Every structure is written in structure tokens, then in C-alpha cells.
Amino acid sequence: MVLRFIKFGWVISLLTSLATLLYVYAGIPEQVVYSLSDSVISKGAIPRETFFYVSLAFLAGMNFLLYALSRNMRYRNKSINELLRKWQLSLAVVINIFFIVITNFIFLVNSGESFNFNNFGYLIYVALALILIWILALPFLMIRAARKN
């Protein structure tokens with residue numbers, strides 16, 4: 001039952017990530033700046049289409065990889081197998097949230113308006129901390145699932 005809710009959340013986060021990518025693609029200029037360096041020489045920029053296709057490949061590749069791993073998980077202990085399936089799909093949700101934050105940040109940097117990094121930059125750290133917590137929680141969850149049996 002919990003796995004169904006996680007799958008639903010994963011699908012919603014994937015669709016939201018794709019919608020965010022399309023929205024950002026529509027609003028960014030022809031050259032997408034990805035570096036916040038002050039110097040003009042080291043300021044990194046890529047074409048808009050390259051940004052879109054690289055972002056789409058990352059999103060599709062990461063979600064496909066985690067979904068395929070969760071579908072083909074074969075572990076002897078049934079409770080650990082179920083835990084790993086849930087964890088992998090929920091990790092995909094967390095990575096999709098990170099993707100949404102990063103694409104919105106790139107959109108904000110390239111919007112041409114002045115912005116204060118302190119008003120939005122903390123969300124990047126929150127998303128990275130969420131990924132780190134999710135990864136570090138796996139061993140504790142596996143130990144707890146192994147003790148139940």
C-alpha cells in the first residue's frame with residue numbers, strides 16, 4: 001500500500017519536473033549562464049537547446065535508472081527487498097525535487113532581473129541536505145528491517 005503512494009508521488013514529481021523544465025526552457029535566453037563568476041572571461045554559458053537536452057537526459061536517465069532498479073530488485077529477505085524498492089523510488093522523488101530547485105535557480109539567474117542569492121540560495125542547500133539525509137538513512141532502515149525478521 002505504501003509503495004503505491006510512493007509510486008504516485010514519484011509520477012507527480014516526474015511530471016512536475018518535466019513541466020518545470022519546459023517552463024524554464026521557454027523563459028531562458030539563447031545563451032544560458034550557469035556560472036555566477038564575476039569575471040566575464042570565466043563566465044560559463046551554453047546554448048539553450050544544449051541546456052534543455054542535457055537536463056532532459058539527466059532527468060530521464062536518473063528516473064529510468066532508479067525505476068528499473070526498483071522493479072528488478074531481487075533480494076532474499078522480502079522485507080529488505082520491499083524497503084529497497086520504496087527507498088529507490090522515494091530517492092527518485094528527492095532527486096526530482098532537487099532538479100526542480102536547480103532549474104528554477106538557473107531560470108532566476110538568467111531572467112535578467114537582479115536577485116539576492118540569500119533569498120533563494122538556501123533552497124539549494126535544503127535540497128542537497130535532503131538527498132544526503134535520504135542516502136544516510138538507508139543503512140539504518142535496512143538494519144531495522146533486518147531485525148524485524
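1. T50 sits in helix α2, where helices are DSSP runs of H or I with at least four residues, strands are runs of E with at least two, and both are numbered from the N terminus. T50 has a relative accessible area of 36%, so it is partly exposed; the scale calls a residue buried under 20%, exposed over 50% and partly exposed in between, using a 1.4 Å probe and protein chains only.

2. Before going on, a word on what you are looking at. This is a predicted model, in which local features need pLDDT of at least 70 and side-chain atom pairs count only at pLDDT 80 or more, while totals for chains, interfaces and linings use all residues. Residues are numbered from 1 along each chain as its sequence is written, and side-chain values use heavy atoms, with hydrogens and water left out.

3. How confident is the predictor? The mean pLDDT of the chain is 88, and 94% of the residues reach 70 or more; pLDDT is the predictor's confidence in each residue, from 0 to 100. Confidence is highest in helix α1 (residues 2–27), at a mean of 95, and lowest in strand β1 (residues 31–33), at 86.

4. The chain has 4 helices and 2 strands, and read from the N terminus they come in the order α-β-β-α-α-α. Along the principal axes, the C-alpha atoms fill a box of roughly 60 × 25 × 25 Å.

5. How much of the chain is buried? Of its 149 residues, 35% are. The accessible surface is about 9,700 Å², and carbon and sulfur atoms account for 68% of that; areas come from the Shrake-Rupley method with a 1.4 Å probe, and for residues only the protein chains shown count as cover. Taking contacts (heavy atoms within 4.5 Å) between residues at least 6 apart in sequence, 65% join residues at least 24 apart.

6. Back to helix α2, which spans residues 48–71 and also holds S55. Is S55 buried or exposed? S55 counts as buried because its relative accessible area is 8%. Beyond residues up to four places away in sequence, S55 touches L21 and F99.

7. Setting aside neighbours within four places in sequence, Q88 is in contact with L66, L69, S70 and M73. The C-alpha atoms of Q88 and L69 are 7.6 Å apart, though 19 residues separate them in sequence.

8. I100 is the other α3 residue to check. With 17% relative accessibility, I100 counts as buried. Which residues does I100 contact, leaving aside its neighbours within four places in sequence? They are S13, T16, S17 and T20. I100 and Y23 lie 11 Å apart, C-alpha to C-alpha, across 77 residues of sequence.

9. In helix α4, find A137. A137 is partly exposed, because its relative accessible area is 26%. W87 is 50 residues away from A137 along the chain, and their C-alpha atoms are separated by 9.5 Å.

10. Last, the largest pocket, with about 250 Å³ of space. A pocket here is an open set of points on a 1 Å grid over the protein atoms alone, where a 1.4 Å probe fits, with protein on both sides within 12 Å along at least five of seven lines; lining residues have an atom within 4 Å of a point. Its volume is the space filled by probe spheres set on the points, which are joined across faces, edges and corners. The lining has 13 residues, and the closest to the pocket centre are E82, L83, K86, L141 and R144. Helices α3 (78–109) and α4 (117–148) are the elements that give two or more residues to this lining.

11. What sort of residues line that pocket? By class there are 7 nonpolar, 2 polar and 4 charged ones, with Ala, Val, Leu, Ile, Met, Phe, Trp, Tyr, Cys and Pro counted as nonpolar, Asp, Glu, Lys and Arg as charged, and the others, Gly among them, as polar.
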